[in-house]
Amino acid sequence: MCGIIGYVGKKSASPILLEGLRRLEYRGYDSAGVAVLDKTQLVVRKKLGKIDEGIARLLKSEPVVGSLGIAHTRWATHGVPADKNSHPHFDQSEKIAVVHNGVIENYDAIKQKLIRAGHKFKSDTDTEVLAHLIGEHYLKSKSGKRKTESGNELAQAVSDALREVIGTYGLAVICTDFPDTIIGARRGSPLIIGLGKDENFLSSDANAIVAHTKKVVYLNDYDVATITPERFDVTNLGTDTANVQISNLEFSQEDAARGKHAHFMLKEIYEQPQTVANALRGRLDFEGATAKFGGLNMTPAELRGIDRIVIAASGTSWHAALVGEYLIEELAQLPVEVEFAHEFCYRNCPLEKNTVLLVLSQSGETADTLAALREAKRRGHRALAIINVVGSTIARESDGGIYMHAGPEIGVASTKAFVSTLSILTLLAIHLGRMRQLSAKRALEILHALEALPKQIEKIIAQNHTIKKVAKKYAQADDFFFLGRGYTFPIALEGALKLKEISYIHAEGYSAAEMKHGPIALIDDKTPTVFLVPQDAMYEKTLANLAMIRARKGPIIALATEGDQGIKRVADDVIYLPKTLDLLNPILATVPLQLFAYHIALARGCDVDKPRNLAKSVTVE
């Protein structure tokens with residue numbers, strides 16, 4: 001949530017910062033702002049609204065000049081979206097400017113202390129309190145009341161201030177007294193140093209700097225970095241030395257661009273045949289009738305010794321976890337429990353000796369999921385991860401993991417990362433199953449069906465025009481139900497979430513069998529139901545549930561298996577899925593639901609890439 005970009009070098013900072021903000025806007029778009037050092041004065045421009053409608057116009061009419069600057073795009077936590085609450089924020093002297101991602105939990109106590117010392121505040125944010133606190137420590141350093149340890153009073157002031165802070169932060173700080181220096185710090189909110197020639201960058205997301213450099217340093221929790229055009233130094237608040245490693249980004253500027261598509265979400269839906277192929281590449285072992293992974297860091301004996309798996313995730317990843325539960329329990333006969341990551345952290349969930357935690361996260365930075373991983377490790381359990389972003393915090397802190405290799409996902413509503421996660425969970429279930437009682441014949445059947453998925457997804461995407469027509473027919477409905485059974489039940493939840501996220505229509509996902517236990521009271525001729533009814537083991541049962549909705553005059557949109565002509569007699573509209581195994585229906589059924597939500601949102605005039613109140617990568621609890 002929120003985005004940070006900083007630049008120090010010889011070029012004009014403002015265009016680089018504005019370009020970075022545009023690449024970060026999916027992380028927050030309530031407001032945006034920049035602070036640039038113009039000779040001896042910090043000049044701040046900030047504006048409510050999306051970047052092109054706000055800060056970009058402001059910078060065009062009121063340009064700023066300088067080669068040192070920081071910028072921020074905001075997703076509001078403390079303080080409503082407003083110009084005054086936009087970042088950057090000054091300290092009391094207005095010599096220091098700060099941008100900040102995260103939440104300072106004890107900001108009010110610090111604020112009251114500073115008010116008693118004579119400080120005056122202009123915003124309602126926790127960030128301005130942090131800026132004033134840094135300024136207070138900086139004054140003490142300058143006056144000699146606090147001897148510096150590093151020789152850099154600004155870095156020392158930031159470190160001293162952060163020792164008083166409870167909460168999370170990704171931080172960029174500049175000061176008029178240090179015309180070639182940015183101070184960065186992180187705890188619980190990602191921050192990356194980008195390394196260039198006679199210039200360096202600081203960002204909360206590699207997307208913002210990939211056009212300028214491929215060499216990056218991922219900061220760890222409690223790291224404080226001092227960045228100049230020629231060098232960088234990193235210290236750690238909790239240890240004597242910081243663990244610094246230079247990495248190379250695995251994607252290009254073009255990968256993070258929208259290309260020919262109208263929206264990132266549509267681009268990422270269309271990328272899903274390749275996404276699934278990437279998830280499967282090198283992992284299908286037909287000779288051994290299994291799946292293979294290189295990063296689990298567990299021996300076959302250790303994997304066979306697992307007695308239970310707990311999967312922790314949030315949002316869309318939680319729906320993937322539910323499918324994973326079904327897959328692993330069926331193929332590996334291992335008990336699986338799915339937990340909301342935020343609930344796992346704060347309740348006393350019993351974990352037996354041979355229990356493994358598996359966390360799912362596209363960004364690898366989701367605060368709740370990271371907290372669940374750390375809690376499991378604190379209790380002495382192995383924690384594995386399925387993640388997309390190489391170098392992310394979860395990737396670095398997990399005991400082992402599997403990368404999605406899905407490429408950058410910019411659309412706020414997750415699409416390609418979801419189907420990639422489902423593909424990998426299927427492979428994992430096969431891998432674990434073959435160490436137990438899953439037969440080679442059954443495993444090979446699934447492997448061949450997985451191999452066919454990319455072409456089948458292309459076939460579904462080719463129905464885009466048909467799906468668009470169905471979506472426009474129902475675009476003005478106020479309420480929707482999404483119903484499935486067995487493997488498609490979690491996809492009903494995901495379909496409802498996608499529609500809610502980007503079209504703002506109230507939608508509910510249920511097991512079709514649950515409708516008769518209460519929700520059916522809401523069915524009428526104005527409430528459409530999307531039925532996931534492939535010809536699987538639950539087909540006849542689901543048809544019976546469908547009949548209950550039809551008897552109450554509810555409009556029905558069916559996702560059915562190719563060749564099922566009978567479904568046309570009981571559904572108002574039909575979207576067909578290629579025939580596959582029951583356990584792979586979730587992957588295929590997801591794609592038309594994404595397109596359905598996309599086209600409804602467009603018909604209602606919604607911004608599908610920047611849905612209201614949402615942002616990518618939720619790094620606050």
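## Ser159 and its contacts

Ser159 touches Val224 and Leu237 (contact means heavy atoms within 4.5 Å), when residues up to four places away in sequence are not counted. Ser159 has its place in helix α5, which covers residues 153-162; helices (H or I, at least four residues) and strands (E, at least two) are DSSP runs, numbered from the N terminus. With a relative accessible area of 9%, Ser159 is buried, where buried means under 20% relative accessible area, exposed over 50%, and partly exposed in between (1.4 Å probe, protein chains only).

This is a predicted model, in which local features need pLDDT of at least 70 and side-chain atom pairs count only at pLDDT 80 or more, while totals for chains, interfaces and linings use all residues. Residues are numbered from 1 along each chain as its sequence is written, and side-chain values use heavy atoms, with hydrogens and water left out.

## The chain as a whole

The protein chain holds 18 helices and 26 strands, and its C-alpha trace spans about 80 × 55 × 45 Å along the principal axes. A compact globule of 621 residues would have a radius of gyration near 25 Å, and the 26 Å of the protein chain agrees with this; the radius is taken over C-alpha atoms, and the globule rule is 2.2 Å times the number of residues to the power 0.38.

Of the 621 residues in the protein chain, 62% are buried. Among the contacts in the protein chain with a separation of 6 or more, 72% are between residues 24 or more positions apart. The accessible surface of the protein chain is about 23,900 Å², and 50% of this surface belongs to carbon and sulfur atoms; accessible areas come from the Shrake-Rupley method with a 1.4 Å probe, and for residues only the protein chains shown count as cover.

## Helix α7 and what covers it

Helix α7, made of residues 272-280, is mostly covered, since seven of its nine residues are buried. The buried residues in α7 are Gln272, Pro273, Thr275, Val276, Asn278, Ala279 and Leu280. Their cover includes α6 (264-270), β15 (284-285), α13 (416-434), α14 (440-461) and α18 (585-603). Just after α7, Gly282 takes a positive phi of about 75 degrees.

Leu425 is found in helix α13 and is buried, with a relative accessible area of 0%. When neighbours within four places in sequence are left aside, Leu425 is in contact with Ala320, Gly324, Leu327, Leu358, Leu360 and Ile386. The C-alpha atoms of Leu425 and Arg569, which are 144 residues apart along the chain, are separated by 36 Å.

Arg436 is in the loop between α13 and α14, and with a relative accessible area of 23% Arg436 is partly exposed. Its contacts, again leaving aside neighbours within four places in sequence, are Leu303, Arg304, Gly305, Ile306, Ala332 and Leu334. Between the C-alpha atoms of Arg436 and Ala13, 423 residues apart along the chain, the separation is 58 Å.

## Thr393 in helix α12

Thr393 lies in helix α12, residues 393-397, and counts as buried at 2% relative accessibility. Not counting residues up to four places away in sequence, Thr393 touches Arg186, Gly364, Glu365, Leu370 and Arg374. Although Thr393 and Leu219 are 174 residues apart along the chain, their C-alpha atoms are separated by 8.9 Å.

## Cysteines

A search of the whole structure finds zero disulfides, a disulfide being a pair of cysteine sulfur atoms within 2.5 Å. For Cys345, the closest cysteine sulfur is in Cys349 and lies 11 Å away, so the two are too far apart for a bond. Cys345 counts as buried at 14% relative accessibility, and Cys349 counts as buried at 0%.

## Backbone details in the loops

His87 and Pro88 are joined by a cis peptide bond, with omega about 5 degrees, and Pro88 lies in the loop between β4 (68-74) and β5 (89-90).

Asp198 has a positive phi of about 60 degrees although it is not a glycine; Asp198 is found in the loop between β9 (192-195) and β10 (200-203), and counts as partly exposed at 33% relative accessibility. Asn297 is not a glycine and has a positive phi of about 60 degrees; the loop holding Asn297 runs between β16 (290-291) and α8 (300-304), and Asn297 counts as exposed at 52% relative accessibility.
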